[in-house]
Amino acid sequence: MAIIKILHTLFGIFGNITGLFLFLAPMITFKRVIMNKSTEQFSGIPYVMTLLNCLLSTWYGLPFVSPNNMLVSIINGTGAGLEAFYVLVFLIFAPKKEKAKISGILFVVLSIFSTVALVSMLALHGNKRKVFSGFAAAIFSIIMYGSPLSIMRLVIKTKSVEYMPFFLSLFVFLCGTSWFVYGLLGKDPFIAVPNGVGSFLGTAQLILYAIYRENKGQIKKGEEDGRVEMELEKPYEKEIPNTQSGDAKV
């Protein structure tokens with residue numbers, strides 16, 4: 001029993017470390033946005049949705065909701081702060097139409113989180129509170145982990161990993177796997193299931209990288225028009241909520 005508790009804590013700490021790398025990944029994108037004073041073709045939706053995931057996961061990990069899961073709250077609280085920063089920067093430099101759209105989505109996101117928090121606190125108690133909050137967090141964790149599917153499809157289509165960085169895929173795998181094991185050791189399906197999905201998708205990305213790594217940077221000539229270039233650029237940028245990205249994507 002003592003060994004299981006130690007392993008549970010160790011995998012949680014490792015999940016925090018790998019999760020932090022995922023949450024910091026968009027910094028490169030937003031450095032470019034700030035320098036150019038433009039969001040260009042980047043989408044703000046993934047960052048708003050990742051913010052919701054982080055808020056719900058932070059709430060779920062709190063002691064009065066889900067005992068013994070403070071490590072979940074720590075990394076997702078950190079992620080929520082970073083995602084809030086990304087969203088703020090996006091709103092500052094986005095065109096008026098995009099700014100209005102993201103502001104509307106942000107309002108919905110904050111409304112969803114507020115509803116979950118208030119209902120779980122005022123109407124539910126004990127295990128019912130944990131189950132309700134856990135379902136909400138798990139659903140959006142799975143959605144966030146699923147965001148890289150578009151870039152995986154693109155890798156298969158172009159037979160190139162030019163727009164799927166190895167280390168990002170690696171940290172998606174490590175983060176998902178560590179939290180998956182953490183959930184198993186803690187007998188918590190709301191952590192184990194969504195991160196099991198993340199681990200599987202991370203594995204799939206690494207397999208694709210192994211298959212097409214020799215073709216990096218070799219996009220077919222017929223696919224180099226503006227339309228495809230935009231498609232190549234945007235999915236990866238949309239994914240970092242990083243997306244692949246995470247709860248720590250819990």
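Mentor: A residue is called buried under 20% relative accessible area, exposed over 50%, and partly exposed in between (1.4 Å probe, protein chains only). The model is predicted: local features need pLDDT of at least 70 and side-chain atom pairs pLDDT 80 or more, while totals for chains, interfaces and linings use all residues. Numbering runs from 1 along each chain as its sequence is written, and side-chain values use heavy atoms, without hydrogens or water.

There are 2 salt bridges (a side-chain nitrogen of Lys or Arg within 4 Å of a carboxyl oxygen of Asp or Glu). Arg-32 pairs with Glu-40, with 2.5 Å between the closest N and O atoms. Arg-32 is partly exposed at 34%, and Glu-40 is partly exposed at 33%. Lys-101 pairs with Glu-98 at 3.4 Å, N to O. These two sit 3 residues apart in helix α5 (residues 96-122), about one helical turn; helices here are DSSP runs of H or I, at least four residues, numbered from the N terminus. Lys-101 is partly exposed at 40%, whereas Glu-98 is buried at 18%.

Asp-188 lies in the loop between α8 (166-185) and α9 (189-212). Asp-188 is buried without a salt bridge, and Lys-130, the nearest side chain of opposite charge, is 4.2 Å away (Lys and Arg count as positive, Asp and Glu as negative; His and chain ends are not counted). The side chain of Asp-188 does make a polar contact of 3.2 Å with that of Asn-69 (N or O atoms within 3.5 Å, one able to donate a hydrogen and the other to accept it; sequence neighbours count only if both atoms are side-chain atoms).
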